[in-house]
Amino acid sequence: MRTQVAIIGSGPSGLLLGQLLSLAGIDNVILDRASKDHILGRVRAGVLEEGTVRLMDEARSGARMHAEGLLHDGISLAFDGRDHRIDLFDLTGGKRVTIYGQTELTHDLMDHREQSGMLSINEAANVTPHDFDGNAPRVTYERHGVTHRIDCDFIAGCDGFHGVSRRSVPDKAIRTFEKVYPFGWLGILADVPPVNDELIYANHPRGFALCSMRSMSRSRYYVQCPLDEKIEEWDDRRFWDELRRRLPAHHAERVVTGPSFEKSIAPLRSFVAEPMRFNRLFLVGDAAHIVPPTGAKGLNLAASDVHYLFEGLREHYRDRSNAGLDAYSQRALARAWKAVRFSWWMTTILHRFPGTGAFDQKIQEAELDYLTHSRAAATALAENYVGLPF
Ligand code: FAD
Ligand code: DHB
């Protein structure tokens, strides 16, 4: 088989890139080792920047997102028993975020791909990129014990942090930067109305908590937990009790509890691989960088990478110019590092780090106090939270 762009990974970045390429008349095939049901069963991000929303529209896949997504003009930082609202809309000259789950966005992109008749191959084993250093790259994979081969012009590695694309690059050609945090997030989904109409990021002596939502009847809550915590030891009652303890009293008493239907622990990590291009192989999204979820940036960064790569590929095929492809790594990394910085900073100011001394604790308190009393400081948070331009 032959295609123009072989895309490894059918998460948000692979699907979004595939949809944009298809609409521009550029042939592509998406390969994923997982089944569609498995991909749609993963509960992840929930906050979309305006740039991500625009890209979904450009991919003509935004109708349900606009109908069902919730527009949020602010977030709340809760500490010292009180709420401190960050007015995103006012501080950024009219920008907002859209609350719409990654699962739904992935669903919409999969549906549109099916309608467009473009090929997706799920449950492909041993997907391997080859010869991307030369002019004739190819991808091989196995299905039902048979090895298949796809010849292509370019390979887009959209296969997440644990994917094969980054691992296929020789060690000497890539540099990685990593920070692992000494805690995780325990998250649940429950069909109960959210405690507040905006997200609450809470810093409490017992640890961080986040109150988010998927709709006005479905809540997503997280609490910071030790890395070695066992999920079996967290029944729903323990989770709700812990969440309530970490919120200011006026919120805690309004939390509506109910059975959770998803519960998982995610580790927190910052990671960047440089460069993001290896001749005809491009790394996109989590394959190239991971951020701790505190700034709600992971999915949005994947989207901005897709934007830069799509522009480059379109210029290559339409205008016979490689300028965009040549600039891809530098453009994507410049934006990624700013999101890495913001996500690290949000994590630092909102979590309790094991073993923190009195000095560091005082610095954290001063930072939060400054944020809630200085318009300049709040503006810096707001412009990063709604997303830097791309
Ligand atoms: P992915 O969504 O990881 O998609 C990669 C795809 O590649 C997958 O479908 C996978 O099956 C496939 N794949 C992997 N390896 C191979 C292979 N060898 N061969 C073929 N296919 C392969 N972000 C936030 O903003 N907020 C959050 O709350 C949040 N929570 C998260 C929780 C978890 C547990 C994780 C892992 C991430 C979370 N993120 C969150 C980050 C966000 O979900 C990611 O940034 C986003 O999914 C990136 O999209 P992607 O398409 O680049 O990668
Ligand atoms: C959600 C996740 C985040 O990491 C975040 O910062 C905000 C919201 C969520 O899953 O809804």
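Ligand 1 is surrounded by 31 residues, of which Gly9, Gly11, Gly160, Gly285 and Gly298 are the closest, a residue being counted when its C-beta atom, placed from the backbone, lies within 6 Å. This is a predicted model, in which local features need pLDDT of at least 70 and side-chain atom pairs count only at pLDDT 80 or more, while totals for chains, interfaces and linings use all residues. Residues are numbered from 1 along each chain as its sequence is written, and chains are lettered from A and ligands numbered from 1 in the order in which they are written.

**Ligand shells**
- Helix H1 (12-23) and helix H9 (298-319) are the elements that give two or more residues to the shell around ligand 1, helices being DSSP runs (H or I, at least four residues) numbered from the N terminus.
- The shell around ligand 1 holds 14 nonpolar, 11 polar and 6 charged residues, with Gly counted as polar.
- Around ligand 2 the residues include Arg220, Ser212, Thr294 and Pro293, and its shell divides into 6 nonpolar, 3 polar and 1 charged.
- Ligand 2 lies between domain 1 (5-71 + 99-178 + 269-348) and domain 2 (181-268 + 360-385), because both give residues to its shell; the domain bounds come from an automatic or database domain assignment.

**Helix H10**
- H10 (residues 323-350) has 28 residues and reaches 41 Å from its first C-alpha to its last, close to the 40 Å expected at 1.5 Å a residue, where the expected span is 1.5 Å times one less than the number of residues.
- H10 bends by about 35° at Ser329, the bend being the angle between axes fitted to the seven residues ending there and the seven starting there.
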